Amino acid sequence: ILHKAYTLARDSGDPPLTAQVRNRLDDIFIIDILSMNLNDCETWEKMISEHISVAQRPARYHDLAVTLGQIGDKAEVNSRYKLAVQAYSLGYKLNQRSTIRPRFSAILKTKLEQAEQRVERKTEFQDASEQLKHDPDDPDANFKAGRYLALTRGHFPAAFPYLRRGSDESLKNLARLEQALPVNSAEMELLGNTWRDYALSSAEPLDQALSVRQSADWYRHAFQEEVSTLKKLRIQ
């Protein structure tokens, strides 16, 4: 009954009611809510050209593009990169049809390109994991496994053993410094500097955000440990 109500709400073109019934389904049953969200948007896209006046279409296309961007963001958090690619791709296409916030198309295009890279990274990680079962010291496989865990998923501690055996010298050095467990502000600041330098000079664009976040985390720790006011100002 709930699924029939959900279908009726979706096909009537009522997003708030659709979300209400879908959330009720999610409370009671195990459902793939992200896929359902994407399917809702695909249904509503077809309805715009069939039932919405030409004057109202730009706003509807943009609103749907914003929703698809949010779906893509949630999919990436759950490492469902292929679904994120679908969401960003459709959102980009719809916002191209709108005159509202044309720059939002550029944002979606960038997210789409990054999600496509993450799909490749996840495949590389899966292949590397299989390779490491046969050869645990394979430098390239260790690098790909460690890079995915650290700079795609943000699972840094799990990544460091791989990166230390990997083929990238910058990441190998960072993993060594991380596993040395800095205990004073000077060591923490050094690690923050090293992550910052990696983000600015060596990291691929896809990896810069998490590299900078890791740098900021170590600066924060260093700031909390430091007692000198002058050094605190520098770290800040």
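This is a predicted model: local features need pLDDT of at least 70, side-chain atom pairs count only at pLDDT 80 or more; totals for chains, interfaces and linings use all residues.

Student: How many helices and strands does the protein chain have?
Tutor: From the N terminus on, the elements run α-α-α-α-α-α-α-α-α-α-α-α. The secondary structure therefore comes to 12 helices and 0 strands.

Student: What is the radius of gyration of the protein chain, and what does the globule rule give for 236 residues?
Tutor: The C-alpha atoms fill a box of roughly 65 × 50 × 35 Å along the principal axes. The chain is more spread out than a compact globule, because the globule rule gives 18 Å for 236 residues and the radius of gyration is well over that, at 23 Å.

Student: Which parts does the salt bridge between K93 and E45 tie together, and how far apart are they in sequence?
Tutor: The side chains of K93 and E45 meet at 3.4 Å, N to O. K93 lies in helix α5 (residues 81-96) and E45 in helix α3 (residues 33-51), so the pair ties together parts whose separation in sequence is 48 residues.

Student: Is E45 buried or exposed?
Tutor: Buried means under 20% relative accessible area. E45 has 13% relative accessibility, so E45 counts as buried.

Student: Which residues are joined with R147 and E124 into one network of salt bridges?
Tutor: R147 in helix α7 and E124 in helix α6 lie 23 residues apart in sequence, and their side chains meet in a salt bridge of 2.9 Å, N to O. R147 is buried, at 9% relative accessible area, whereas E124 is partly exposed, at 26%. Through salt bridges that share partners, R147 and E124 are joined into one network with R121, E204 and D207.

Note on methods
Residues are numbered from 1 along each chain as its sequence is written. Side-chain values use heavy atoms; hydrogens and water are left out. Helices (H or I, at least four residues) and strands (E, at least two) are DSSP runs, numbered from the N terminus. The radius of gyration is taken over C-alpha atoms; the globule rule is 2.2 Å times the number of residues to the power 0.38. A salt bridge is a side-chain nitrogen of Lys or Arg within 4 Å of a carboxyl oxygen of Asp or Glu. Buried means under 20% relative accessible area, exposed over 50%, partly exposed in between (1.4 Å probe, protein chains only).
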